[in-house]
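I'm opening my notebook on this one. Today I want to look up a charged residue and some ring pairs.

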Amino acid sequence: MDKLKEMEVFTKIVEMNSFSRAAEAMEMTPATATIIVQRLEARLDVRLLHRTTRRLKLTDEGAEFYKRCAQVLAEIEESEHALTGHGKRPLGRLHVEMPGSLGRFVVLPQLSQFRSMYPDLELMIGLSNNQIDLVEEGVDCAIRVGVLPDSSLGVRRLGALELVTLASPAYLKRHGTPRTLAELDSHASVHYFSNRTGRTLNFSFEEKGEPTEVRMNGRLGFNDAEAYVLAGVHGLGIVQAPRYIAHAHMASGALVEVLPQFKPHSRSVSAIFPHNKHLAPKVRVFLDWAADLFAQCPLLMGQGSAGTFPDNEKGRKTSFRSVMMQDRLDELAL
């Protein structure tokens, strides 16, 4: 058994999180796939996978070896594509994770375009707000909103999205329309609380070029962005939500923007992927398509450009306070 074949089998098992599914995809028996991995572990003298009745889990050494295997195989695929792939479309299985609301409101309505461009790709899209280990879960790339933690993952900027501060006409009729940030103290908001920490997120604004947080009063909270917006529609309080989620309610008049002179910070949208030097063609074409989609999508930035990033870009100083504020609000954009 050559080393390249061992790497292909091991990588496929990790990506599909199953010996049997990987074996079927590679047209071999599960027993053969098991023997190949056992021989690979024996040759390397290291344990690569923990296998249970329910799932597979990479060891630390297995995760590092997977990253190197993925890079090598991507380089080979890239080289072959450069020599013989002109005019050919990417093949194989592509697993992408993204926030649920972003997928439902922005990506899925346009997905038929991508499918018509690349019909030979088997596309698997996970809609989840959970932070996952891409290598361990066999994910090719993930779309994330906001400040990204430092890591060895590759990153590509895709666009940006805008938050808006909103209330229903019925709420404003009962309580009046706030004109200044100070007047928010006499108003009630619907709270959004973090799935990760359980912490309630404050409203954020930019006042005279500086980030400002406002701690709102309220006795109702949600950890789902779409339910949060609907609470605003039903007059339960002021909300601060992604424009792409609130757009239809704004267009119908069910929600009205308040304090438009105090804009919340926009949130950057990025793709992350396990290996940052050599992208497989299937990942590259998806990221190219996603970047074009986000750049042209009016739901993300309203009248603004989805290609501009107020924070963490060259030419603009970003304060520690603004980074921390954005980090706390990023989950709301999901």
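I found Glu41 in helix α3 (residues 30-44); helices here are DSSP runs of H or I, at least four residues, numbered from the N terminus. This is a predicted model, where local features need pLDDT of at least 70, side-chain atom pairs count only at pLDDT 80 or more, and totals for chains, interfaces and linings use all residues. Residues are numbered from 1 along each chain as its sequence is written, and side-chain values use heavy atoms, with hydrogens and water left out.

Does Glu41 sit buried or exposed? I got buried, meaning under 20% relative accessible area with a 1.4 Å probe, protein chains only. Glu41 has no salt bridge (a side-chain nitrogen of Lys or Arg within 4 Å of a carboxyl oxygen of Asp or Glu). Arg47 is the nearest side chain of opposite charge, 4.3 Å away; Lys and Arg count as positive, Asp and Glu as negative, and His and the chain ends are not counted.

Next, the rings. I counted 8 aromatic pairs, taking rings of Phe, Tyr and Trp (its six-membered ring) with centres within 6.5 Å; planes under 30 degrees apart are stacked, over 60 edge-to-face, the rest tilted. Phe114 and Tyr118 have ring centres 5.1 Å apart and planes at 50°, so I noted them as tilted. Phe114 is buried at 0% relative accessible area, and Tyr118 is buried at 15%. Phe286 and Trp289 are tilted too, with 5.8 Å between centres and 45° between planes. I saw that both are buried. Ring pairs link Phe114, Tyr118, Phe286 and Trp289 into a cluster.

Conventions: Buried means under 20% relative accessible area, exposed over 50%, partly exposed in between (1.4 Å probe, protein chains only). Helices (H or I, at least four residues) and strands (E, at least two) are DSSP runs, numbered from the N terminus.
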